[in-house]
Amino acid sequence: GLEEGAKNQFSTFSNFITTINQKKEGIGNRNSPTQLVIPNIKNGRDLPPLCLDVRQKQRMSMDALPQELKASFPSEPSLPIRTKTVKDFQDDMEKSKASGDWKAVHNFYSTTFDSFLEINAAFKKDTNSPFNTIEDSGIDAKFVNVVYDALLNTPQDVQKSVLKGIINGLLQEWTGPRTKDDLRAYCILLQNPQFSNTSTYVIYAHLLRQIAALTEADHHFLVHWSKKISQKRFKQVVDRLLQFISLRLFPAKPEEFPPMVKCTWWIPSATKVLALFNAANSLISPPIISYTDFYNSTLDHIDLMEEYHNWQCYGNSHRFSFCQYPFIISIAAKKVIIQRDSEQQMISIARQSLVDKVSRRQKPDMNMLFLNVKVRRTHLVSDSLDELARKKADLKKKLKVTFVGEAGLDMGGLTKEWFLLLIRQIFHPDYGMFTYHKDSQCHWFSSFKCDNYSEFRLVGALMGLAVYNSITLDIRFPPCCYKKLLSPPIVPCDHNTLVGICGVTLDDLFQIMPELAHGLSELLSYEGNVEEDFYSTFQVFQEEFGVIKSYNLKPNGDKIPVTNRNRKEYVQLYVDFLLNKSIYKQFAAFYYGFHSVCASYALLLLRPEEVEILVCGSPELDMSALQRSTQYEGYQKTDLTIRYFWDVVLGFSLDLQKKLLHFATGSDRVPVGGMADLNFKISKSETSTNWLPVAHTCFNQLCLPPYKNKKELKQKLIIGISNAEGFGLE
């Protein structure tokens, strides 16, 4: 990194800032990344754009660009002739380290980074080729990596010469569209490791501002070129951008940066450039890095609801909000937004009920503030269906469950158990609503036709209630289900609009029916004559209640043979039939049930994977993390009984650990925030050691008698957690 001398030099950049700002004023606000136009969110058909979000960018192709963006670009100016190779540069570095004479290296760096043309002359694979397609950036990535890896090991004057050269490039007068050489230079400069140092942030900010202000067509090229960067370098660029945003929000030394009021464009510019890398990441399957690598946990500590309301309510006022770029917001932060949004809706609905009651001069009743569900264990599904159908208007109130004939008072535990038992019954194979696929260990919607799909709506409402009331469910749906659940994320105003229909691929089918997907994959790669050897048509057969029924995948499909030429179309139509068309009515009911409870613009912030985590929690158990976060009442963590307990629990099989978690908390899944979010407590039970442990699931509390030895504790604990259903005695 740069030492104090470099910092002193960079503190004199006020002229540099002034010059660039003057140039920016000439361009006007139309290219400023802070000017983000958002439709009025109060109109259900006009949703705020999630700028360069994965769902939008995946559909972006050159063919889809407007004609004016496809116009011919200016011809590239001729480049200087530079012949230095990777080996030449490495030899120069070795000689400089040995002799202490850095003149040759200094000359190379100061010349190479002096202008965008020089950058291209040094790092373009072939200076005589235009490289003007999205497929190949023409950048010699190996040479770029070697030069940057060596840079931080050079003397300070060499590093300063690079930064001076970058300033020269950024100060260049721009007239007309950027050339592909300019875009190449931007792509190379973004990988400069010097920008990890806060003393370079003024230069870095202006680089980001210029990139953010490029046209959509230029961004299109940068996105496709960025996806060719190696995973290591790609991750480094993303981490630098995230660090830049974090340190601008919460600077360790505020005096290092200009006042926030003078550089409000820093964070929007960096976020927009980060969006380009997020878009590039989404174009690769599997992605270059995990979507969670784009999370900025620093944002967990800002006023998230203000960000959300700026995005939701002031869309047309050009106010920047991180909610426009949801990929940067962590799942923990999104959960906070959804919870608070839910709480506000609950309060609003409850207040309206109270006002209506008072206006009719009726005596208020506390029960009217809740969604009260009374069910019998022996008629769990039918009672629940009746209650939710009868109380549609109350679905957005706080949920309270009562089991008829039992003494349990619902402080959270009864609600959790109601969810668990209901889900268990509905998903039982004998019930016929869902099919369990052993190979993929997940459930999928039964395609059997029926007269009433209200029970599918109930399952959707249950999932919505779980998210709304912050309950995790043990549901095993494939990822495709959550993608369909967000198609679209906001219920359309036009009820004739199809819902729950999304683009599906063979990869989606692999996650549900791997054996069938493998067979279709074999068909695609078959080298023989498909028509003669398979003798198939565009028709599929399904068994329904013992009767074989046929369905055409396209008009007159039973008369169209599958051939080598049309087999891709056949496979795509087959997958679409299985995952979309054959279960449309079932999934549409499920979709409307979920959104009847969870209708919120906050859903626009979520990826399908994040919806799954909010609904189900994580199945990954870390009992050591639970041990670290456990609180004690009547015990110390050093007491013998507690040491016995953790020795036993850490030695349990995964199945017994899940049973313990279910026994103590009402769910065997881990919430979004991890084990620490359970607030698990072990209390001392002043009862005979002949008694079994007792749990208060509403408080995630385990009451443990002071057993005398490890064997007794293990025996009593296993009996307790294996017989844990029900409240009270019959």
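Author: With terms. Helices (H or I, at least four residues) and strands (E, at least two) are DSSP runs, numbered from the N terminus. Two strands pair if DSSP finds at least two bridges between them. This is a predicted model: local features need pLDDT of at least 70, side-chain atom pairs count only at pLDDT 80 or more, and totals for chains, interfaces and linings use all residues. Residues are numbered from 1 along each chain as its sequence is written, and side-chain values use heavy atoms, with hydrogens and water left out.

Reader: In what order do the four strands of the open sheet lie?

Author: Strands of a sheet pair through backbone hydrogen bonds, either parallel or antiparallel. Here the order is 7-8-10-9, with mixed pairing. Strand 7 (631-633) and strand 9 (694-696) are the edges; each has a single partner strand, so one side of each lacks a neighbour in the sheet. The twist averages 25° from one strand to the next (axes are lines fitted to C-alpha atoms, for helices over the stretch in contact; angles run from 0 to 180 degrees between N-to-C directions).

Reader: How many bridges join strand 7 to strand 8?

Author: Three, and the two strands run parallel. Gln631 has Lys681 in strand 8 as its bridge partner.

Reader: Which helix lies across strand 9 and strand 10?

Author: Helix 28 (residues 654-665), at about 60° to strand 9. Contact means heavy atoms within 4.5 Å.

Reader: Is Gln191 buried or exposed?

Author: Buried means under 20% relative accessible area, exposed over 50%, partly exposed in between (1.4 Å probe, protein chains only). Gln191 has 12%, so Gln191 is buried. Gln191 sits in the loop between helix 9 (180-189) and helix 10 (201-212). Residues touching Gln191 include Val144, Tyr148 and Arg240.

Terms used
Lists of a residue's contacts leave out its neighbours within four places in sequence.
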